[in-house]
Amino acid sequence: MAENENNQNGNAAAAQGDQQQGPMFALQRIYLKDTSFESPKSPDVFKGQWAPKITFNLNTSNEKLADGVYNVVLRLTIEAKQEDAIAFLVEVQQAGIFTLDRFNEGDLERALATVCPNILFPYARETIDALVVRGSFPPVMLAPVNFDAVYAQSKAQKEQQDQAAPQA
């Protein structure tokens, strides 16, 4: 019986050691890096029927702060045009500091481009909605973004560009 207990303790210690050797992901901080709201045609923009053309632009960037620690910035720009006039323009840079330790290069790139922005997006969406409503406009209901699909598309475009580039 003592042999079984020792064996179980040994297996538990080995499993714990294996877990410590695997990749580690942690969120350290989420913060609002920059925000801007402009309504250049106010109050005239409120006179007509509200039927804007809305454009949405999104990109991400990251920088290494220390070994296994990265700052990821999600930039969102929303522009609403009423006819040819800009009704409002919102820019938000939502950022986070993440620990991504013991990842291989491919998994690290993918996590920085997909997992981290997925965590940041709801915060940016809420900030945009609040700014637009405070500007006296109807809320902008941004649909969720599939960052995995955006990443896959970006990788495919890069591969096509690399194949099309002349070999030196």
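Contact here means that heavy atoms lie within 4.5 Å of each other, and in this predicted model that criterion brings Gly106, Glu109, Arg110, Ala113, Thr114, Pro117, Asn118 and Phe121 of helix α2 together with Phe147, Asp148, Tyr151 and Lys155 of helix α3. The protein chain contains three helices and four strands, and from the N terminus on these elements follow one another as α-β-β-β-β-α-α. Of its 168 residues, 27% count as buried, and among the contacts between residues at least 6 apart in sequence, 70% join residues that are at least 24 apart.

**The helix pair α2 and α3**

- Helix α2 covers residues 105-134 and helix α3 covers residues 147-164, and the two pack at an angle of about 140° with their axes 9 Å apart.
- Since angles over 145 degrees would count as roughly antiparallel and 65 to 115 as roughly perpendicular, α2 and α3 are therefore described as oblique to each other.
- The crossing that α2 and α3 make is right-handed, and the residues of their contact divide into five nonpolar, three polar and four charged.
- Among the α2 residues that take part in this contact are Glu109 and Arg110, while Asp148 and Lys155 are among those contributed by α3.

**The four-stranded sheet**

- The four strands form an open sheet in the order β1-β4-β3-β2, with antiparallel pairing.
- Strands β1 (24-38) and β2 (53-66) stand at the edges of this sheet, and because each has a single partner strand, one side of each is left without a neighbour in the sheet.
- From one strand to the next, the twist of the sheet averages 15°.
- In general, the strands of a sheet pair through backbone hydrogen bonds, in either a parallel or an antiparallel sense.
- Strands β1 and β4 pair in the antiparallel sense over 13 bridges, and within β4 the bridge partner of Phe37 is Val90.
- Strands β2 and β3 likewise pair in the antiparallel sense, over 13 bridges, with Ile54 standing opposite Ala80 in β3.
- A hairpin is formed by β2 and β3 with two residues between them, and Gly68 in its turn has a positive phi of about 75°.
- Helix α2 lies across β1, β2, β3 and β4, and runs at about 140° to β4.

- Ile78 belongs to strand β3, which spans residues 69-82, and with a relative accessible area of 0% Ile78 is buried.
- Not counting residues up to four places away in sequence, Ile78 touches Ile54, Thr55, Phe56, Phe88, Leu89, Val90, Ile128, Val140 and Leu142.
- One of these contacts is with Phe88, and although Ile78 and Phe88 are 10 residues apart along the chain, their C-alpha atoms are separated by 8.1 Å.
- Gln93 belongs to strand β4, which spans residues 85-101, and its relative accessibility of 19% means that Gln93 counts as buried, because the cut-off for that class is under 20%.
- Leaving aside neighbours within four places in sequence, Gln93 is in contact with Tyr31, Leu32, Lys33, Asp34, Val73, Leu74 and Arg75.

**Backbone features in the loops**

- In the loop between β1 and β2, where Pro43 has its place, the peptide bond from Ser42 to Pro43 is cis, with omega near 5°.
- Arg102 lies in the loop between β4 and α2, and its phi is near 65°, a positive value in a residue other than glycine.
- With a relative accessible area of 39%, Arg102 is partly exposed.
- Ser136 lies in the loop between α2 and α3, and Ser136 has a positive phi of about 75° although it is not a glycine.
- At 52% relative accessibility, Ser136 counts as exposed, the cut-off for that class being over 50%.

How values were computed
Residues numbered from 1 in each chain as written. Predicted model: local features only at pLDDT ≥ 70, side-chain atom pairs only at ≥ 80, totals over all residues. Heavy atoms only, no water. Axes fitted to C-alpha atoms, helices over the stretch in contact; angles between N-to-C directions. Parallel < 35°, antiparallel > 145°, perpendicular 65-115°, else oblique. Left-handed = near helix turned anticlockwise from the far one by under 90°. Nonpolar A, V, L, I, M, F, W, Y, C, P; charged D, E, K, R; others polar. Buried < 20%, exposed > 50% of the residue type's maximum accessible area, 1.4 Å probe, protein only. Pairing = 2+ DSSP bridges.
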